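Student: Can we go through the aromatic contacts in this one? Keep it quick, please.

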Amino acid sequence: MEPQPVREEPLGYEWPGSYFIGEEELELVTQVVKAQSPFRYYGLDRQHMCDQFEKEYAEYIGIEHTLAVSGGTAALNVAMAALGVGPGQEVIVPGYMWISTIAAVVNRGAIPVLCEIDDSFCMDPHDLEKKITPRTTVIVPVHMSGTTGNIEEICAMAKKHNLRVLEDCAQAVGVAYKGKKVGAFGDIGIFSFQFNKAMTTGEGGMIVTNDRLLFKRCQAAQDIGHSRNLKGRLEVDSQVLLWGIGARMTELQGAFGLAQLRKLDRITAAMRSAKYRVREALTEIPDIKLRRVDDPAGDNGAFLITTYPTAEASQEMSQELLALGIKAGPGGNLLCHFTGYGFHLYYNLPALVKKASTSPDGFPWTHPLNQDSNYNYDKGALPQTDDLFARSIIQAIPSNCTDKDVADMIEAYFRAARHVLG
Ligand SMILES: Cc1ncc(COP(=O)(O)O)c(C=O)c1O
């Protein structure tokens, strides 16, 4: 028999920035429209929205250089190009990520090497060390689902082995670890402002680094292969002469991003408050294990991950929570069992498992320089990660939760746990 729902009314959607869009975005975007100047580098009356967005984002992160781009996927491709990733190189990526992280490696002609996650649901530093080979050049810790693992240990290991670190902070906008913002730990970091990230520009991204040469190379790669001078004019600098991918941000996105950035701390505070009230309550249920969060104050609060003693129990819990009403309205995906979480799981990426290629020659898998980098990406490649996926549930925390919403979530977990876990 279907359980009586805790609530009939849908919870909010998993699109944090959306509930905060208002007059501020309208005002700044209108300014760009009225000035008839939506392009960042020239126009009738430039409003310098992208410039200002980059400046305030740099201050927010506490970093020297920032570059606004068209999206997080673009940012990853640009950052890989800036790092000089190519055939003959291996890039280490955790088994829990987003397809774009892997795509950026393959697009450069390098080979992705999978690393286990630990109970932080981020890269496991112990497995990382085992995955380093003489061909490894870059490590990509992915700060998944709104918080991070032990990023300090990962960076220390990279230093020891003379490797570069690219932090994928797409899902970690506003996240800090021991008071320092993510993105500022590695050599370079990327962020996404796509619609379901902690703040949004619809589509958009940011690259951050303290390394001026990397920054100039990013500038070239995101544009047409040339960097730009302080006036925004293209320049020919032989140190940064690359091939561009055309991923510039527009002034409309810049204006939108500026308005959202100024609200970011309010957005994350709302999610964090709701999430930690739920987490606190769930500590009373011994069979529910909460994701390890080393620095709760630095969590952006966007996701709640719970793990159960068995795969069956977690499957039943997720079905029951949905039936009890822990879901958003049509088109939303607030809660799911981890194994149903699509292109975030390495074995759910057909292009990776089948080693797909854009060109008929099988590049990069068939490139002679990659012949020693022959890996298997099927389910089973990362047993520890597979086990966590099999026993866990992921739930987004809406940024508009009321006290009643929080109370209903808690009641649903308790009711489902009583039924499923006994
Ligand atoms: C971990 C991770 N990396 C990269 C991306 C790509 O960002 P975007 O959607 O802005 O291209 C995403 C977002 O979907 C992501 O979750």
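Tutor: Here is a short tour of ring pairs and charges over rings. The model is predicted: local features need pLDDT of at least 70, side-chain atom pairs count only at pLDDT 80 or more, and totals for chains, interfaces and linings use all residues. Residues are numbered from 1 along each chain as its sequence is written, and side-chain values use heavy atoms, with hydrogens and water left out.

Student: How many aromatic pairs does the structure hold?

Tutor: There are 21 aromatic pairs. Rings of Phe, Tyr and Trp (its six-membered ring) pair if their centres lie within 6.5 Å; planes under 30 degrees apart are stacked, over 60 edge-to-face, the rest tilted. One of them joins tyrosine 96 and phenylalanine 121, edge-to-face, 6.4 Å centre to centre with 85° between the planes.

Student: Where do tyrosine 96 and phenylalanine 121 sit in the chain?

Tutor: Tyrosine 96 is in the loop between β2 (90-94) and α4 (99-107), and phenylalanine 121 is in the loop between β3 (111-115) and α5 (125-131). They are 25 residues apart. Helices (H or I, at least four residues) and strands (E, at least two) are DSSP runs, numbered from the N terminus.

Student: Is tyrosine 96 buried or exposed?

Tutor: Tyrosine 96 is buried, at 0% relative accessible area. Buried means under 20%, exposed over 50%, partly exposed in between (1.4 Å probe, protein chains only).

Student: New topic. Which ring has the charged end of lysine 181 over it?

Tutor: That of tyrosine 60, with the charged end 4.2 Å from the ring centre. The cut-offs: NZ of Lys or CZ of Arg within 6 Å of the ring centre and within 35 degrees of the ring normal. Likewise, the charged end of lysine 379 sits over tyrosine 347, 4.9 Å from its ring centre.
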